[in-house]
Amino acid sequence: MVSPDEALPGRSTPMEHVPATHAVLGTPLKGPWPDGTQVLYVAMGCFWGAERFFWQAPGVVTTAVGYIGGITPNPTYEETCTGRTGHTEAVLIAYDPKQTDAEHLLKIFWENHDSTTKYRQGNDVGTQYRSAIYWTTPEQEAAAKATRAAFQQVLTEHGHGEISTELAPAGEFYYAEAYHQQYLHKNPGGYCNHGPNGLTCPIGLLRQDEVPSQQSVLPPTT
């Protein structure tokens, strides 16, 4: 990971010409969103394919791609790809907590990339492709830690290694250039290295024949 002394300087002005609305959902890319909307950020390699999973998910208000978790303010795509901004390619997920929750969104996250390869997804190599979850609420933090523990057990049972996913509170999210937003909708044949990894992340209630039964992967609230 780049050090602050080695990071690119960036700029004080935000990315220009970011679309006002989502190309698929027709909702505001930057808000305002309906009251109660919550935002979660995930990174799972190239953000083109990652974003598509979430705009298709029930309860999602909007999605956008950008850069988070690093040092350089208002980076460009080219700068991020050098590995000298410290950011990872990420997806902003704004969702209605009455229709979905972080647990269900993170199920999609864990099941559709390799969370055990640090700084790499497939042939994409670099810190900008690292796996990460950045939360904005205590409930999201709890879901991130609980689903990580649950999925690690599944990985271990199938002979896979340790999860390298970064878990942290969300910092500043910088929107990516216009052409990256909803890229695979605009370019249906575009590059995508995402897909089911063949494993299931357990969430919600366990089956009656499992022990302990009737227990959520999330800790009790009282």
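Student: Which side chain makes a polar contact with that of Q140?
Tutor: In this predicted model, the side chain of Y95 is the partner, at 2.9 Å from that of Q140.

Student: Where is Q140, and is Q140 buried or exposed?
Tutor: Q140 lies in helix α4, which covers residues 138–157. Its relative accessibility is 0%, so Q140 counts as buried.

Student: What else does Q140 touch?
Tutor: Leaving aside residues up to four places away in sequence, Q140 touches Q38, V39, L40, A102 and W135 as well as Y95.

Student: A102 belongs to α3. At what angle do α3 and α4 pack?
Tutor: The angle is about 40 degrees, and the axes are 9 Å apart. The two helices are therefore oblique to each other, and the crossing is right-handed.

Student: Which residues meet there?
Tutor: From α3 come A102, E103, L106 and W110, and from α4 come Q140, A143, A144, T147, R148 and F151. Six of these contact residues are nonpolar, two are polar and two are charged.

Student: Changing topic, which residues other than glycine have a positive phi?
Tutor: H17 is one of them, with phi near 65 degrees, and Q182 is another, with phi near 50 degrees.

Student: Are they buried or exposed?
Tutor: H17, in the segment before β1, is exposed, with a relative accessible area of 68%. Q182, in the loop between β8 and α5, is buried, at 1% relative accessibility.

Student: Last one: what is the peptide bond from G31 to P32, cis or trans?
Tutor: That bond is cis, with omega near 5 degrees. P32 is in the segment before β1.

Note on methods:
Residues numbered from 1 in each chain as written. Predicted model: local features only at pLDDT ≥ 70, side-chain atom pairs only at ≥ 80, totals over all residues. Heavy atoms only, no water. Helix = DSSP H or I, 4+ residues; strand = E, 2+ residues; numbered from the N terminus. Buried < 20%, exposed > 50% of the residue type's maximum accessible area, 1.4 Å probe, protein only. Polar contact = N/O pair within 3.5 Å; in protein donor to acceptor, adjacent residues only side chain to side chain. Contact = heavy atoms within 4.5 Å. Axes fitted to C-alpha atoms, helices over the stretch in contact; angles between N-to-C directions. Parallel < 35°, antiparallel > 145°, perpendicular 65-115°, else oblique. Left-handed = near helix turned anticlockwise from the far one by under 90°. Nonpolar A, V, L, I, M, F, W, Y, C, P; charged D, E, K, R; others polar.
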